[in-house]
Amino acid sequence: MTTTLNYHSAYHCPVCRQGKISSMPLMEAFACNFCQHIFTANLEQQLLKMADTQLPLIWRWNGKTWTRVLQEGMELGWGYGVAGIIFVILPTSIIGFGAYLFPPLPGTAFSWFPIFWTILAFFAHLACMGWLVIAYYQFPVFMYLSALRRRWI
Ligand SMILES: [Zn+2]
């Protein structure tokens, strides 16, 4: 069964995928009952745009589900991906290379430390990148996790 995008129906939220978006009373806008994001709609083109962000987050309703509409020049290009990978790999390899060039004397206290430090650097930078991606897409991490917990308990 397919439906068109209209102000009288409720749809699953394209952002959190947990809540339902429905039109706000007396307003030509949709709001999610879970992540609280607000959307404006273009019914002729069946488009939904997130209204409470500067980012051009737009989805098209195909009758069953949302597909992300990518805008020219505003999407994260492959250059960002490469920069992100370098950001994670470079410090890790510098630290790892240093540990390789100047290995600690075997058997001494803290001889495990360079390897531990290398692994720590990798995960710290990886976490930074993950956080940036989450912030960019304004993904409601904590609400999503609590919704998953509610579902499993
Ligand atoms: Zn939502």
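Leu26 counts as exposed, because its relative accessibility is 91% and the cut-off for exposed is over 50%. This is a predicted model, so please keep that in mind. Leu26 sits in the loop that runs between strand E2 (20-23) and strand E3 (29-32). Its phi is near 65°, which is a positive value in a residue other than glycine.

Now a second residue with a positive phi. Gln46 is not a glycine either, and its phi is about 60°. You will find Gln46 in the loop between strand E4 (38-42) and strand E5 (47-50). Is Gln46 buried or exposed? Gln46 counts as buried, because its relative accessibility is 17% and buried means under 20%.

Next, the metal. Which residues coordinate the zinc ion? They are Cys13, Cys16, Cys32 and Cys35, each through its SG atom, at 2.2 to 2.3 Å. The angles among the four donor atoms are 104 to 113°, and the site is tetrahedral. For reference, the ideal angle for four tetrahedral donors is 109.5 degrees.

Along the sequence, the donor residues of the zinc ion follow the spacing C-x2-C-x15-C-x2-C.

Notes. Residues numbered from 1 in each chain as written. Predicted model: local features only at pLDDT ≥ 70, side-chain atom pairs only at ≥ 80, totals over all residues. Heavy atoms only, no water. Helix = DSSP H or I, 4+ residues; strand = E, 2+ residues; numbered from the N terminus. Buried < 20%, exposed > 50% of the residue type's maximum accessible area, 1.4 Å probe, protein only. Donors = N, O, S within 2.8 Å, 3.2 Å for Na, K, Ca; no water. Tetrahedral: all angles 85-135°; square planar, octahedral: opposite > 155°, others 65-115°.
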